[in-house]
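Colleague: I have a few things to ask about this one. Can we go through it piece by piece?
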Amino acid sequence: MAPAAAPALGIVRHKVSSEDWIMRGILGAIALYLLVAIVLPLYALLSKGFQDKDGNFTGLDNFTEFFTTPALSQSVANSLTISSISTVIVVSLAFVYAYALTRSCMAFKSLFKGIALIPILMPSLLPAISLIFMFGKQGFLTFMLFGNEIYGPIGIVMGEVIYIFPHVLMIILISMSMSDGRLYEASQSLGAGPVRTFFTVTLPSIRYGLVSAGFVAFTLIITDFGVPKVVGGQYNVLATDVYKQVIGRQDFEMGAVVSMVLLVPAVIAFAADRIIQRKQVAILTARAVPYAPTPSPRFDAIMTAYCALVGIVIVGILSVAMFASLVKFWPYNLSLTLANYDFSLRDGGGWDSYFNSVKMASWTAVIGTCVIFTGAYLVEKSKGFLAGRAAMQFLVMMPMAVPGLSLGLAYIFFFNHPGNPLNFLYHTLPILVICTITHFYTVSHLTAITALKQIDNEFESVSASLKVPFYKTFWRVTVPICVPAILDISMYLFVNAMTTVSAVVFLYSPDTALASVAVLNMDDAGEQASAAAMGIMIVLTAGGARLLHAVLTRGLARRTQAWRKR
Amino acid sequence: MTGKDAYLKVENLTKMFGDFTALEDISLEVFEGEFVCFLGPSGCGKTTLLRAIAGLDIQTHGRVEQAGKDISGLPPLERDFGIVFQSYALFPNLTVHQNVAYGLVSRKTSKPEIDARVAELLESVGLVDQEDKYPAQLSGGQQQRVALSRALATKPGLLLLDEPLSALDAKVRIRLRHEIKALQHQLGVTTIMVTHDQEEALTMADRIVVINEGVIEQVGTPQDIYSRPVNPFVADFIGTMNFLSGVAGNQAQVRLGDIELTTNNCPDGIQKDDPITVCIRPEDIATRGVTPDTENAVPTVIETLEFLGSFYRASLAVQDAGETTIRADFSINLVRDLDIKEGQEFTVALPSDHIRVYGEIFVHADDLI
C-alpha cells in the first residue's frame, strides 16, 4: 500500500465504559482508604520523630538523644539479642516438628498439627502469664530455672518461642509439602543414604522456606509487645519502650523515635522476605510429584515422642492459664471458683471489654473481608488503569512492614491532630476496626489474590461478550467460587482482631476497652488470675470462630463438590 | 473483491506491546456468513488480532468496522460478538442451563423464552439431557459444546473462536470440526476462528488468513492457499513441501544442478542465473509411466522408504542436482506392483503445473534443527 494512502497513525482512543468507571471508582476509593489508613498516619509518625514537644522541627535531635541515653539505646541491643536467640530456637524446633509431620509416618498427625496451632488463638500476653504461674516466685516449676528468674530474657525467649511457633511452623510446613518426591527417588536410586539425601535434597529444597520463616519470626518477635510486657521485668526492649514512653511518660516524640527504630528491622525483614518469596516460586515445576514417606518404626517413634513433648508444652501452657483462672488463689488455695471471671471488680473494663472485642472483631471480619476481597479482585481482574493498579499493589504491601505499635502510635498522631477532619473517629470503635483491618490487610489481600489467580481470566471477557456487567459476574461466579478463601480471610481477621494488643493499645477509650487490652491492664494491676481468665475467654472465642470456620468449610465442600472436582 | 459489502472491516491495524510490534498494518475484510480462519504458528499475532476485534485488547492504531459501524475504540460490552475460548471459561458453579442462559437473563427475556432458547441450543448440540449438570461433570467435548451454545445464545452478529478445539483429544476434535462447521452453516453466523492447526483450517474455513510475525502472508480459500502458496513460508507452513535450491534459466526454465526443468509458475522479475527456490509437494510427484523422455523426468536413487500406513514416503537422492534429496509419496499399489526397494534406481517426473518457483532462498525450518 502506498504510504500516502495510509491514514494518519493516530493512537486509538479507548472509549471508557461506565463499567470501567465503576471499577476505577471502587479501586480509587480503596486506594484512598489505604492512603488515609496507612500512608498519612505513617507520615505523621515519621515527621513527629523530627519535632520537639511544641512541634518545631529539630532535625536529628531526638535520635541523638535516643542513642546517647544508655537506658534507651540498651533496648536496641536487648531487642536484637532476644529476637536472634528466640528465632534460632523457634525455627529449629518448628523445623523438626514440620519434618515429623511431613516426612514420617507417625500417627495422630492432624492432632499434632492442631495442637501446634493453639498459640495463634492467644494474645501473646497469655503464654507469658502462664509462664509466670509455672516459673514465677510461687511457680511449681521454678526449681527448673536453677535460681534464675523468669522475669527477663529467659522468660521473654520462652514466651516468644511458644507464641511464634505456629507462625513459623506454617511457613516451614508449606515449603516442605512442596518438595518433589521424584528427587528423593532419584537420590535413592543413585545410592545416596538418608543423611546425604537430607543435605542434598531436603535442605536445598526448603532453604528459602527456612530463611523466610526466620525473617518472619524475627520480625514478629522484635515487634511483639505482649510477652516482654508481662515477663520482661527490668529487661527493656524496643517494643516495651514505645509503650513506656507514650503511656508512662507521655513523651510522644521519643515514642515516635523508638517506633521508627522498630520499623527498621521490620522493613528489612519484609524486603528480604519478598525477595526470597520471588525465588521460591521457581523451584517447583508443575510436573512435580508429592513426596510420600515410607514407614520406619524407629524414626516414627522418635518423631512421635518429639511432637508429643512439644505438644505437652503447648497444651500445658494453655491448661495452666485455664486452671489458674479457675482457682481461688494460685498456688495456695486450689479450690475451684468462677470468681476470676467476674471482671466487673477488676481493672480493664469488665465484661464490656470482652463484648467490645467480639463486636470489633466481627466488624473487622465483615468489613475487612468485603473491602480486601473487592480490592484484590479489582487489582487482579480489571483492565487498563495501569497506574492505579500499580499504586494499589504498592499500598497493599505497606501494612505488612509496619509493626502494630508503630501503626497505633501513628494513628494517635494522625487522627488525634486537632486539624484533622477525621478527628471525630478518635477513641471510637470504628477507629479500632480501621486500624485492625489495616494492620492485617496484606496477608488477607495475598490470600485473596492467590484464590483469584486460580480463576479463569476470561470470565470477565465472556461476561462482557454476553453483555453482562462485571459486578453481576463477580457476585454470581467469582464470589461463590472464592467462598473458601473468603471464609479464610474473615477467620484470619476475626482471630487476629480478638488477640491483637499492639496497635489498639494506644487507641482504645474507657468506652471501647478491649479484651486483649484488659488482659494487659489486669496483669499490670497484679490480677493475674483475672488476666488469665480474660485470656482464656479470648482463646475460647477465637477457637470457637475457628471451629465454626471448619464446620462451614466442610459443609460447603460437601454442598459444592458437584462442581468442585479435580 | 466481490460485490458484497464486508460485514467486518479491519483497516491498517497495528498493535504494540511496549516496543514489540505484535501486529503490523493488518487490513482485512470478512463477509456476512463467512467462516474465516486465522492460521499461523504460535506467537504470530493471530489471537492478538482476534482480541482486538473483540475489544478485549484494543489495537494501538487502525480501525475496526462491524456492520457499517466504527467500533475501533469500543469496550467489549458495547460490541456485538460471542466468544469461545480455548479454556471454554465455563462458570464452574453454574449448571449447563445457567451457563447457556447467562447472557439471556440480563436482557429482560422472559423465563419461558429463556428456557425455550436454551432448550433449542442444547438440542442443536445434542446436550438436552445434560442441562442440570455442572461443567466439571461433562467431558471436554461436551464442555466445548456448552461454551459454543452460550456464545450463540444471544444471537451475536459475529462468533469468535479462539483455538476452540486444541484442548481436546484427536478423535473428538475431528468430530467437533464437522459439528461446528455444520452449526455455523445452519445459523449463517459470521465466524472467525483462530487456530494453529492447518488441517483444522483447511477443513473448516471458507477462507484462511495466514499470519506470521504480525503480518498477513496470504488470504484465500483453502484450495488456493494449499496449491498456490504465495511465498515459501506459506508453502512450508501448510502441508509438506520440497524446497530445492536452484537458479533461473531461460524463460520458463529453471536449473537444479545439471537438471533442467520447465515450469508454468515462474514469478515475474526473475533474471537468468538468479538464485531461486523450486517447490513441489510430495504427492504431486509423478511416479507411474515415467520415461526419460517425460517432461521434467529426474533420475533418482531411493534412499529410504518410510511406511506411513496408507502410503510410503520415499526419500529420493538426485545425483545430478548435487546432494539434493526429494521427498515423494508412493502409493501402496505402486510399491507392490513395481516391487520397489530401498537402494533401487527410480525415475520420477516433476510435473510443470505443480512446480512453484520463488525468487528467494528459503531455509527449511527442519534443516535448522
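Predicted model: local features only at pLDDT ≥ 70, side-chain atom pairs only at ≥ 80, totals over all residues.

Colleague: Which residues of H20(A) are buried?

Modeller: Ala515(A), Ser516(A), Val517(A), Ala518(A), Val519(A) and Leu520(A) are buried, and so are Met522(A) and Asp523(A).

Colleague: And what covers the buried residues of H20(A)?

Modeller: Other helices of chain A are part of the cover. They include H5 (125-135), H9 (226-231), H13 (350-381), H19 (470-499) and H21 (528-559).

Colleague: What follows H20(A)?

Modeller: Gly526(A) does, and its phi is positive, near 80°.

Colleague: Staying in chain A, at what angle do H7 and H8 pack?

Modeller: About 145°, with the axes 10 Å apart. H7 of chain A covers residues 181-189, and H8 of chain A covers 194-223. H7(A) passes H8(A) in a right-handed crossing.

Colleague: Which residues make the contact?

Modeller: From H7(A), Leu183(A), Tyr184(A), Ser187(A) and Gln188(A). From H8(A), Thr197(A), Thr200(A) and Val201(A).

Colleague: How do the residues of that contact divide into nonpolar, polar and charged?

Modeller: There are 3 nonpolar and 4 polar residues in the contact of H7(A) with H8(A), and no charged ones.

Colleague: On to chain B. How many helices and strands are there?

Modeller: Chain B has 10 helices and 19 strands. Its C-alpha trace spans about 75 × 45 × 40 Å along the principal axes.

Colleague: What percentage of chain B is buried?

Modeller: Of its 369 residues, 41% are buried. Looking at contacts in chain B with a separation of 6 or more, 66% join residues 24 or more positions apart.

Colleague: What is the strand order in the open sheet?

Modeller: S13-S12-S11-S14-S19, 5 strands of chain B with antiparallel pairing. The edges are S13 (259-262) and S19 (356-358) of chain B, each pairing on one side only. Neighbouring strands in this sheet are turned by 40° against each other on average, direction ignored.

Colleague: How many bridges pair S11 with S14?

Modeller: S11 (residues 242-248) and S14 (residues 275-280) of chain B pair over 6 bridges, in the antiparallel sense. Leu244(B) stands opposite Val278(B) in S14(B).

Colleague: What about the hairpins? How many residues lie between S15(B) and S16(B)?

Modeller: There are 3 residues between them, and Gly309(B) in the turn has a positive phi of about 90°. S15 (residues 297-307) and S16 (residues 311-318) of chain B are antiparallel, with 6 bridges. Phe307(B) has Tyr312(B) in S16(B) as its bridge partner.

Colleague: Which strand do 8 bridges join to S16(B)?

Modeller: S17 of chain B, residues 324-331, and the two run antiparallel. S16(B) and S17(B) also form a hairpin, with 5 residues between them. Gly322(B) sits in that turn, with a positive phi of about 70°. Ser315(B) has Arg327(B) in S17(B) as its bridge partner.

Colleague: Last topic, the contact between the chains. How many residues come from chain A and from chain B?

Modeller: Chain B gives 32 residues and chain A gives 30. On the chain B side, strand S4 (61-66), strand S6 (82-84) and helix H2 (96-105) each supply at least two residues.

Colleague: How does that side of chain B split by class?

Modeller: It has 17 nonpolar, 14 polar and 1 charged residues.

Conventions:
Residues numbered from 1 in each chain as written. Chains lettered and ligands numbered in written order. Contact = placed C-beta atoms within 7 Å. Helix = DSSP H or I, 4+ residues; strand = E, 2+ residues; numbered from the N terminus. Nonpolar A, V, L, I, M, F, W, Y, C, P; charged D, E, K, R; others polar. Buried ≥ 20, exposed ≤ 12 C-beta atoms within 10 Å, placed from the backbone. Pairing = 2+ DSSP bridges. Axes fitted to C-alpha atoms, helices over the stretch in contact; angles between N-to-C directions. Left-handed = near helix turned anticlockwise from the far one by under 90°.
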